[in-house]
Amino acid sequence: MKALMWKELRENRMKIIIGCVLLSVIGAAVSIAYRFLEGGIPGMGQIPPEYADLIKKLLPDFSNVNAYLYSQWFSKNLQQVGAILAVVLLGSAIAGERELHTAIFLFSRPVSRGMILAAKVIVLFGGLVLAVLVSTGGAVLGALIVGKAPQPAFVLTATTLCSVA
């Protein structure tokens, strides 16, 4: 099992690294955008008053960095980009073996097909969790760059929920 997991990690390490970097950059960008949106949306005074209240209800809460990060990063962007990363990682997990002609070699070994699939799932799930953790660090770093520090308990709770989801 250990050798199978090592093989999967070697084959997918670049995808995992690129996913971590991509998610970190997006997380930092979302956090840095808070600085520009903190004072409100530019041009909000030009909207008729009857629509301004409705728009303010629909917009995320920009008064608190924790609420902003939850509404813009943890509940929306991280899950969307994370789902795309999951598809990229898992999409070629089985098909890649056949395409690279390594499936014949794998099936000739005294390892069950279930064990091969379990090794793939464990490594790729671990890569997704790593991407969530690293990208959350990018989001927190972006918030610190603009001078807004999210509460550690909030970050830990939101990261745990996103990892489970």
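M1 is partly exposed, with a relative accessible area of 38%. Partly exposed lies between buried (under 20% relative accessible area) and exposed (over 50%), with a 1.4 Å probe and protein chains only. M1 sits in the segment before α1. Leaving aside neighbours within four places in sequence, M1 is in contact with M115, A118, A119 and I122. Contact means heavy atoms within 4.5 Å. M1 and M115 are 114 residues apart along the chain, yet their C-alpha atoms are separated by 7.0 Å.

## Basis of the model

This is a predicted model, in which local features need pLDDT of at least 70, side-chain atom pairs count only at pLDDT 80 or more, and totals for chains, interfaces and linings use all residues. Residues are numbered from 1 along each chain as its sequence is written, and side-chain values use heavy atoms, with hydrogens and water left out.

## Overall make-up

The protein chain has seven helices and zero strands. Its order from the N terminus is α-α-α-α-α-α-α. Helices (H or I, at least four residues) and strands (E, at least two) are DSSP runs, numbered from the N terminus.

Of the 165 residues in the protein chain, 36% count as buried. The accessible surface of the chain is about 10200 Å², and carbon and sulfur atoms hold 70% of that. Accessible areas come from the Shrake-Rupley method with a 1.4 Å probe; for residues, only the protein chains shown count as cover. Among contacts in the protein chain with a separation of 6 or more, 82% join residues 24 or more positions apart.

K7 belongs to helix α1 (residues 2-37). Is K7 buried or exposed? K7 counts as buried because its relative accessibility is 15%. Residues up to four places away in sequence aside, K7 touches E97, L106 and K120.

A28 is also found in helix α1. Apart from neighbours within four places in sequence, A28 is in contact with G138, A139 and G142. A28 and L144 are 116 residues apart in sequence and 9.6 Å apart in space, C-alpha to C-alpha.

## Helices α3 and α6

Two packed helices are described by the angle between their axes and the distance between the axes. Helix α3 (residues 65-91) and helix α6 (residues 113-145) have axes that come within 10 Å and cross at roughly 150°. That makes α3 roughly antiparallel to α6. Angles under 35 degrees count as roughly parallel, over 145 as roughly antiparallel, 65 to 115 as roughly perpendicular and the rest as oblique. Axes are lines fitted to C-alpha atoms, for helices over the stretch in contact, with angles from 0 to 180 degrees between N-to-C directions.

Which residues make the contact? From α3 come V65, L69, W73, F74, L78, G82, L85, A86, L89 and L90. From α6 come L124, L128, A131, V132, S135, T136, A139 and A143. The residues of this contact divide into 15 nonpolar, three polar and no charged. Here Ala, Val, Leu, Ile, Met, Phe, Trp, Tyr, Cys and Pro count as nonpolar, Asp, Glu, Lys and Arg as charged, and the others, Gly among them, as polar.

## W73

W73 is found in helix α3. W73 is buried, with a relative accessible area of 0%. Not counting residues up to four places away in sequence, W73 touches L23, I26, G27, V30, Y68, L78, S135, T136 and A139. W73 and V30 are 43 residues apart along the chain, and their C-alpha atoms are separated by 6.8 Å.
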